[in-house]
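Here's a quick briefing for anyone opening this structure for the first time. Have a look around, then read on.

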Amino acid sequence: MTTGRHTPTRLATGGDNAIAVTLAILGDEWNLWILRHAMADARRYGDWMAQGSISNSVLSSRLASLTESGLFVQEQYSERPVRFEYVLTPRGRAVWPILIAMWAWEQEWAPASEAPLPTMHHTACGHDFHPRLGCRSCGNPADAHDVVAAFGPSGDWSRSVPTSVGRRRSQTAVQPSELLPHTMELLGNRWSASFLGALFLGAHRFRDFAERTGASPAIVSDRLRRFIELGVVEARSNAERPDWRTYQLTQKGLAFFPVVILMIAWGQDWFEAPEGPALVLTHTACGGPFHPELLCGTCGQPLTGASIGVR
Ligand SMILES: [Zn+2]
Ligand SMILES: [Zn+2]
């Protein structure tokens, strides 16, 4: 995991913040698919085409936008004809914990997924593992209950979700052979991503969602219904106030926290609003600033990109 030696991209004043930029990049299943194969050493057009389902036009448009966002650099490998390969930058490489966390969550909570997901092996201890979220300040495990997020200067809702999320997806009829269906339900749509953020930041009542995200009552009903169907949210009635329903994250919903927090941290590492961060994270268990890392669930040691084998 690279922490030092990187230069974040400076975003426009008052525009999309680091979270919005991250959702636009990683809330797209083709981008995730391309990155996943790049981490397994795909560099040339043909390397990705050989993996199956992607079309030429989707591949070229996604590679161009991932390069523009600084996850790849183009390197020329042939003069006649002129040919380039796409090499992951440190920013692109740093996406690996997010991919690992998504796979782990899908494997545990969406087992009906059609395509088999990779098995992850920790070469340092010699065991297959399920990753755990850890705090880099204290080295201990952390979860949604002991990480507190406060809005920073660029943190308002309107700047945290890109308008483009969900549009590109509907244009693509063909989907990647390696599906992350529930992950994409939560991240690949503008409103879903907002609602997920609101839930982790403590929204419980119908009114909270409308106020915080700016969604109409029809959208609030629709998203809450879908989240309940997916099993990430449950509705509870209050015995004293039968009309007063609250919405809480279930175990499945809470278990998605590592994905959310790793994405936020990656975004804030690599994209910087001039006003300051969107969210300031604290690990209440140790009192330190919360910067996430992944621990091996078997031996407890921090995982590094080099110590993971994916089959
Ligand atoms: Zn800590
Ligand atoms: Zn291990």
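Buried here means under 20% relative accessible area, exposed means over 50%, and partly exposed is in between (1.4 Å probe, protein chains only).

A word on the ground rules. This is a predicted model, where local features need pLDDT of at least 70, side-chain atom pairs count only at pLDDT 80 or more, and totals for chains, interfaces and linings use all residues. Residues are numbered from 1 along each chain as its sequence is written, chains are lettered from A and ligands numbered from 1 in the order in which they are written, and side-chain values use heavy atoms, with hydrogens and water left out.

**Zinc ion (ligand 1)**
- Cys135 (SG), Cys138 (SG), His283 (ND1) and Cys286 (SG) coordinate this ion at 2.0 to 2.4 Å; donors are N, O and S atoms within 2.8 Å of the metal (3.2 Å for Na, K and Ca), and since water is not among the atoms, sites may look incomplete.
- The arrangement is tetrahedral because the 4 donor atoms subtend angles of 98 to 122° (for four donors, all angles must lie between 85 and 135 degrees).
- Along the sequence, the donor residues follow the spacing C-x2-C-x144-H-x2-C.
- Cysteine 135 in strand E6 (residues 131–135) and histidine 283 in strand E11 (residues 279–283) sit 148 residues apart, so the pair links distant parts of the chain; strands are DSSP runs (E, at least two residues), as are helices (H or I, at least four), numbered from the N terminus.
- Cysteine 135 is buried at 0% relative accessible area, and histidine 283 is buried at 0%.

**Zinc ion (ligand 2)**
- His122 (ND1), Cys125 (SG), Cys296 (SG) and Cys299 (SG) hold this one at 2.1 to 2.4 Å.
- The site is tetrahedral, with angles of 102 to 124° among its 4 donor atoms.
- Its donor residues are spaced H-x2-C-x170-C-x2-C in sequence.
- Histidine 122 is buried at 1% relative accessible area, as is cysteine 296 at 1%, whereas cysteine 125 is partly exposed at 25%.

**The sheet**
- An open sheet of 3 strands runs in the order E5-E4-E13, with antiparallel pairing; strands pair if DSSP finds at least two bridges between them.
- Strand E4 (residues 120–122) is joined to E13 by 3 bridges, and histidine 121 has glycine 309 in E13 as its bridge partner.

**Disulfides**
- Counting pairs of cysteine sulfur atoms within 2.5 Å as disulfides, the total is 0.

Conventions
Four donors count as tetrahedral if all angles lie between 85 and 135 degrees; four count as square planar and six as octahedral if opposite donors are over 155 degrees apart and all others between 65 and 115; anything else is irregular.
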